[in-house]
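Subject: Handover of a structure and summary of findings

Dear colleague,

Please find below the structure that I am handing over to you. My notes on it follow directly after.

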Amino acid sequence: MSSLRHRVLPPQLLLKRPKEASFCLWLLHPEPSSRPQMGDLLQSEFLNEPRDNLEEREAAIELRERIEEQELLLEFLLLIQQRKQEVADRMQDTVSFLCSDIAEVTKQQTILKKNGGSHKELGKDDNSTSNLPSINIVDTDDSSRLGSRKRFRPELKIQNVEECGDNLETHQKFDTLAENQESLLLKSSRLMKNFKKLESAYFLTRCRPVKQSGKPLSRQTPLNSDGRGSIVLTERSSVNNLTSKERYSEGLESGWINPFLEGLCKYLSYSKLKVKADLKQGDLLNSSNLVCSLGFDRDAEFFATAGVNKKIKVFECDAIINENRDIHYPVVEMASRSKLSSICWNSYIKSQIASSNFEGVVQVWDVTRSQVLTEMREHEKRVWSIDFSSADPTILASGSDDGSVKLWSINQGVSICTIKTKANVCCVQFRLDSGRYLAFGSADHKIHYYDLRNSRIPLSTLVGHNKAVSYVKFVDTSTLVSASTDNTLKLWDLSMCTSRVIDTPRQSFTGHMNVKNFVGLSVSDGYIATGSETNEVFIYHKAFPMPALTFKFNNMDPVSGNEMDDAAQFISSVCWRGQSSTLVAANSTGNIKILEMV
C-alpha cells in the first residue's frame, strides 16, 4: 500500500491488467484537480465497458446452458427411441413367429378335422359292407366344438328312441355340454391365473432347440379319475387313428408345438388332489413315527413304509382304498435294529425289497418270509439312499455320509465298485434303461452323473443348486430332476450336454418350501411330486416352473378330533403308484394319505 501511495503498482498488474492499472493511476494522479470526479467515473470507459462485456458473458453462458440442456434432452429422446425401436423390432419378431405358429397350429387342426371327417366316412362305408356291429359318431355343432360325442349302434331302433326318448337324449346332451363347459371354464380360469408364467414357458420352449428322436411324439392325455379324457384329448380323439408315419412327420414339422402342447394339456388335465384314503394305524400317538421313505412294489399292488420307528410295513393299496376301517394293519411288518432312511423294491423280483439305515447297513429282505436275505456292512456312516437297477435287478447302489457310493451285487453280498467323493452323498439313482449309468446328489450342491464303466471321473457334473442336493430322479432316459434344500427343484437335460460341467438347468421349479428336511421326490409320466415344510404336497409338470396342484395335510387332534395347525410338521415322503394319477404321501408325524389327481 505504501508503494501505491507513490503510484507504484505491482509489475504483474501492469502486465496482465493494463486497463485496471491505468484506471488506478488516474485515481492516484498527483494533482488533485486532475483526479476524476464522480460523474467522470460513472461515464468512464473502464466502468461502462466491462458492464456490457459482463452482460454479454452472462447471455453467452445462459445460451450455452440452454444448448447443453437441449442436447441432453435430445440425447435422452434418442436413447428412448433406440430402446423402443429395439423393443419394437423384438415385438415384430415375436408377432411374426406368433403368426407363423398360429398358422402352423391352424394347419394341423385343419388336417386333423379332415382326417376325422374321412374316418367318419370310412366308418359309414364299413357299416354298409360289414355284418359286424360298428359305432357311428354323430356330432352336433356345439358338441363338436366342446369335444362331446354321441355314439349309436346301428342295430338299435333309432326311431323308437326318437319317439319315446327325445327328452332323455336332450337331457343327456345338455348334461354332457354342461360338464364340458364347466371343465373348459375351469381350465380357462387356471390358464388365465398362470398366464404370465405360461407365456414365459411358451417363449422358453419356442426358443429351445428341438431334439429329434426316432420315435413319434406321444400326445395322449391321462384319463381323469372318472374314466373320461380331458377336453383337449377328446377334441383330438381322431389323432389316435393316424398312422405312426403321419404323426412322426407332423412332429418334425411342428417342432416345439408337440412338447408344449403335451405339457399344457397335462398341466390343465387335473384341477385338484383328492384324498382317496387315510392310512389309520394304531400307533399314531407314538412320537417317533416320521416316515423317511415310501415305495410301491413292481406291480403297484403293495406299498411299503419305513422310518425312524425301525420298521418296514407293507400295505395292500386297494384294500386301504376300498375298505373303511378304524385301523389298517400291514400285511407284512419287518423290524430293523436301527432307524431306516430309505427303501427300494426290486423291479424284477416282486417279493424283494432293500433298505438302508442310520448305522450304514444295507439289507435286502424277502417280504414273503419277512426275513433278511443279505446284509452288507461296508459303509462307515449313515446310508441315506439306495436304488435297484431296473435293467439289472441284481445290482444295488447306495450313498452314504462317508462320502462314498457303493455298487452291490446282491448275489455275492459284497460291493463290486466304490466311488469316493469329498462330500456326504444324499441320494442315488440308476438311469431307467441301463445299469451302466448312475446319478447321485451330495452336500457339495452338485449332481454327479457317472458311466460306471469309467468310475474314476464323472461323465457330467450338474451345477446350479445353492445347497445340498437331497434327491435325484430320472424323468426319462435323458432327463433328470433334482431336489435341494435351496427351495427348488431343477430339471436337467443330459442329452444336450457337450461338456463335463452342465451349469444351466432346463427348468427350475419353485413354490414349495424346503430349507432343512428331506421332503420326498417322485416322478410319473412327466408329473413331479414333492413335499414342503408347510405340510403340503406339491405337484409340478416338467414343462412349467409353477405348481400344477397342491394339497395341505389337515392335522387332527387325536383327543378332540379338531383340526390343528402345527408349523413344525412337514411332508417327509411321497411316491407315485406306478404311472397312474395316484400317489401316497406321508408327513413327519406318520400321517399317511393316498391322494389322487382329479
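Leaving aside its neighbours within four places in sequence, with which residues is L273 in contact? The residues in question are V537, I539, L549, T550, F551, L583, L595, E596 and M597. Please bear in mind throughout that this is a predicted model.

Nonpolar cores

L273 belongs to the largest nonpolar core, which has 30 residues. Together with V537, I539, F544, L583 and M597, L273 is among the residues that touch the most other members. The most is given by α12, with five residues. As general background, nonpolar side chains in soluble globular proteins tend to be buried together.

Aromatic residues and charges over rings

There are 19 aromatic pairs in the structure. One of them is formed by F296 and F303, whose rings are tilted, at 5.5 Å centre to centre and with 55° between the planes. F296 and F303 are both buried. A single aromatic cluster is made up of F97, Y202, F203, F260, Y267 and F544; F544 was also named above for its contacts in the largest nonpolar core.

Two charged side chains lie over aromatic faces. R382 is placed over the face of F358, at 5.0 Å from the ring centre. K593 is placed over the face of F553, at 5.5 Å from the ring centre.

Strand β14 covers residues 404-409, and six of its six residues are buried. Side chains in a regular strand alternate between the two faces of the sheet. In β14, S404, K406 and W408 lie on one side and V405, L407 and S409 on the other, and both faces are covered.

Strand β13 (residues 395-400) runs antiparallel to β14 and is joined to it by five bridges. Here G399 stands opposite V405. Three residues separate the strands in this hairpin, where G403 takes a positive phi near 80°. With strand β15 (residues 414-420), β14 pairs in the antiparallel sense over six bridges, and L407 stands opposite C417. The hairpin of β14 and β15 has four residues between the strands, and G413 takes a positive phi near 75°.

Not counting residues up to four places away in sequence, S409 touches T394, I395, V414 and I416.

An open sheet

Strands β8, β9, β10 and β11 form an open sheet in that order, with antiparallel pairing. Its edge strands, β8 (340-345) and β11 (371-376), each pair on one side only. From one strand to the next, the twist averages 25°. Within this sheet, five bridges link β8 to strand β9 (residues 352-357) in the antiparallel sense, and I343 stands opposite S355.

With kind regards

Technical notes:
Residues numbered from 1 in each chain as written. Predicted model: local features only at pLDDT ≥ 70, side-chain atom pairs only at ≥ 80, totals over all residues. Heavy atoms only, no water. Phe/Tyr/Trp six-rings, centres within 6.5 Å; stacked < 30°, edge-to-face > 60°. Buried < 20%, exposed > 50% of the residue type's maximum accessible area, 1.4 Å probe, protein only. Lys NZ or Arg CZ within 6 Å of the ring centre and 35° of its normal. Helix = DSSP H or I, 4+ residues; strand = E, 2+ residues; numbered from the N terminus. Pairing = 2+ DSSP bridges. Axes fitted to C-alpha atoms, helices over the stretch in contact; angles between N-to-C directions. Contact = heavy atoms within 4.5 Å. Core = buried A, V, L, I, M, F, W, Y, C linked by side-chain atoms within 4.5 Å.
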